[in-house]
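Here are my notes on this model, point by point. Please read them with the coordinates open.

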Amino acid sequence: MSTINMSRDPLVVGHIVGDIVDPFMTTASLRIFFNNKELTNGSELKPSQVFNVPRVYIGGRDMRNLYTLVMVDPDAPSPSNPTKRENLHWLVTDIPETTDASFGNEIVPYESPRPTAGIHRFVFILFRQSVRQTTYAPGWRANFCTRDFAAIYNLGSPVAGMYFNCQRENGCGGRRYIR
């Protein structure tokens, strides 16, 4: 296996490694689609483009292999003051290899990104499960910790990750004055 060039890894460049997870080797195929458009690391998407649940495919050949998918916003409520880091947007467990996340067990329903200030990173982290186990939804979405979650459920290091950037759409939100 060749060594990875950490300086060019988009998850390192985007500070996903460090802010959310420790360095890891990608060993699973993760493909994410919003409205039939495949996501690439670091791409810019508008809130209107990520309103609906994405289709998340895990490549492989063995449906007995199960995965857990976590989606977080490490920049909530704003990148300059991320007091709610990491805000949990989606949590799905028991996703069989070769299928998409709709075959898994949705523990926390998808919450579409609606950033109000600054450019937010929305991050998908995939873990391979060693066993099928009961996973409990956290009592809140703010201040979720992917590292702690992985430790509690013995998920080990991530096997794949991907992220996109998203900011408030121009003309949406903000102050409106009624005349």
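Strands here are DSSP runs of E, at least two residues long, and they are numbered from the N terminus. This is a predicted model, and the points below should be read as such.

1. Start with the cis bonds. Most peptide bonds are trans. The bond from Ala76 to Pro77 is cis, with omega near -5°. Pro77 sits in the loop between β5 (66–73) and β6 (87–96).

2. Glu86 lies in the loop between β5 and β6. Please inspect both sites.

3. Next, backbone phi. Most residues other than glycine have a negative phi. Asn35 has a positive value, near 50°. Its place is in the loop between β1 (30–34) and β2 (37–38). Is Asn35 buried or exposed? Asn35 counts as exposed because its relative accessibility is 51%, and the cut-off for exposed is over 50%.

4. Thr98 is another non-glycine residue with positive phi, near 80°. Thr98 belongs to the loop between β6 and β7 (105–108). Its relative accessibility is 36%, so Thr98 counts as partly exposed. That class lies between the 20% and 50% limits.

5. Which residues touch the most other members of the largest nonpolar core? They are Ile32, Phe34, Trp90, Phe124, Leu126 and Phe164, in a core of 25 residues. Two or more residues come from each of β1, β4 (55–58), β5, β6, β8 (120–129) and β9 (160–166). The largest share, 4 residues, is from β9.

6. Finally, check Asp94 in strand β6. Asp94 counts as buried because its relative accessibility is 7%, and buried means under 20%. What does Asp94 touch, not counting residues up to four places away in sequence? Its contacts are Leu66, Tyr67, Phe103, Gly104, Asn105, Gln129, Arg132 and Gln133.

Methods. Residues are numbered from 1 along each chain as its sequence is written. This is a predicted model: local features need pLDDT of at least 70, side-chain atom pairs count only at pLDDT 80 or more; totals for chains, interfaces and linings use all residues. Side-chain values use heavy atoms; hydrogens and water are left out. Buried means under 20% relative accessible area, exposed over 50%, partly exposed in between (1.4 Å probe, protein chains only). A nonpolar core is a set of buried Ala, Val, Leu, Ile, Met, Phe, Trp, Tyr and Cys residues joined through side-chain atoms within 4.5 Å. Contact means heavy atoms within 4.5 Å.
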